[in-house]
Amino acid sequence: MFKPQFHRPVKRSCIQWRPDLFHGVTFPPFDAYTVHLLNTYQIFMDPVATLKKRFEIRKNDRNFQVGDRLILTGIEPAVDKYSIPQMTGHFIECAVTYVLPGGQFGLADGFVVLGIEALFEWKPEESSPVG
């Protein structure tokens with residue numbers, strides 16, 4: 001079973017990807033991009049995987065840059081205010097292709113629209129990084 005490995009935390013919830021673990025796959029240089037782990041509601045995961053949804057609107061608290069990678073983690077919303085969201089085991093790795101900063105076109109300052117391209121997908125039925 002495939003298990004991605006991470007190391008060297010850069011800052012809270014941002015980590016560097018270990019491209020040397022993928023034998024035979026070409027990646028940019030080791031420190032060329034940052035990987036951001038982001039929770040996403042499951043209803044938005046399938047449109048991203050089928051390339052119907054090619055954007056994410058997020059708070060720009062992580063200094064997103066073109067070339068960064070997003071690992072979108074599927075979650076089901078909490079049923080009430082006392083429960084926690086449940087992870088679905090669905091993961092999609094995306095590359096950030098465009099960054100539109102907030103403060104223009106009706107987007108609030110401090111937010112960002114990310115143009116994304118889905119690269120890899122892991123589902124619970126298939127080989128999944130969830131152990």
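What is the mean pLDDT of the chain, and what share of its residues reach 70 or more? The mean is 76, and 70% of the residues reach 70 or more, where pLDDT is the predictor's confidence in each residue, from 0 to 100. This is a predicted model, in which local features need pLDDT of at least 70 and side-chain atom pairs count only at pLDDT 80 or more, while totals for chains, interfaces and linings use all residues. Residues are numbered from 1 along each chain as its sequence is written, and side-chain values use heavy atoms, with hydrogens and water left out.

**Overall layout**

- The chain holds one helix and seven strands; helices (H or I, at least four residues) and strands (E, at least two) are DSSP runs, numbered from the N terminus.
- Along the sequence these elements follow the pattern β-β-β-α-β-β-β-β.
- Of the 131 residues in the chain, 37% are buried; buried means under 20% relative accessible area, exposed over 50%, and partly exposed in between, with a 1.4 Å probe and protein chains only.
- Among contacts (heavy atoms within 4.5 Å) between residues at least 6 apart in sequence, 57% join residues at least 24 apart.

**Confidence along the chain**

- Where pLDDT is low, the predicted coordinates should not be read in detail.

**Strand pairing**

- S5 and S6 pair in the antiparallel sense over seven bridges; two strands pair if DSSP finds at least two bridges between them.
- In this pairing Leu70 stands opposite Cys94 in S6.
- S6 and S7 also run antiparallel and are joined by ten bridges.
- Opposite Ile92 stands Glu121 in S7.

**Nonpolar cores**

- The largest nonpolar core has twelve residues: Leu38, Met45, Val48, Phe64, Leu70, Leu72, Ile92, Cys94, Val96, Val112, Leu114 and Ile116. Such a core is a set of buried Ala, Val, Leu, Ile, Met, Phe, Trp, Tyr and Cys residues joined through side-chain atoms within 4.5 Å.
- At least two residues of this core come from each of helix H1 (45-49), strand S5 (69-76), strand S6 (86-101) and strand S7 (111-122).
- Apart from this core lies another, of five residues, including Tyr33, Ile71, Phe91 and Trp122.
- In soluble globular proteins, nonpolar side chains tend to be buried together.
- Not counting residues up to four places away in sequence, Ile92 touches Met45, Val48, Ala49, Leu70, Ile71, Leu72, Ala118, Phe120 and Glu121.
- Trp122 lies in strand S7 and counts as buried, at 12% relative accessibility.
- The C-alpha atoms of Trp122 and Glu93 are separated by 8.7 Å, although these residues are 29 apart along the chain.

**Loop residues**

- Gln42 lies in the loop between strand S3 (35-41) and H1 and is buried, at 15% relative accessibility.
- Beyond its neighbours within four places in sequence, Gln42 is in contact with Gly74, Ile75, Glu76, Thr88 and His90.
- Leu51, in the loop between H1 and S4, has a phi near 65°, a positive value in a residue other than glycine. Leu51 is partly exposed, with a relative accessible area of 39%.
- Pro77 has its place in the loop between S5 and S6 and is partly exposed, with a relative accessible area of 42%.
- A distance of 9.3 Å separates the C-alpha atoms of Pro77 and Thr40, which are 37 residues apart along the chain.
- Phe105, in the loop between S6 and S7, has a positive phi near 55° in a residue other than glycine. Phe105 is exposed, with a relative accessible area of 76%.

**Ring interactions**

- Lys53 lies over the face of Phe55, at 5.3 Å from the ring centre. A charge sits over a ring if NZ of Lys or CZ of Arg is within 6 Å of the ring centre and within 35 degrees of the ring normal.
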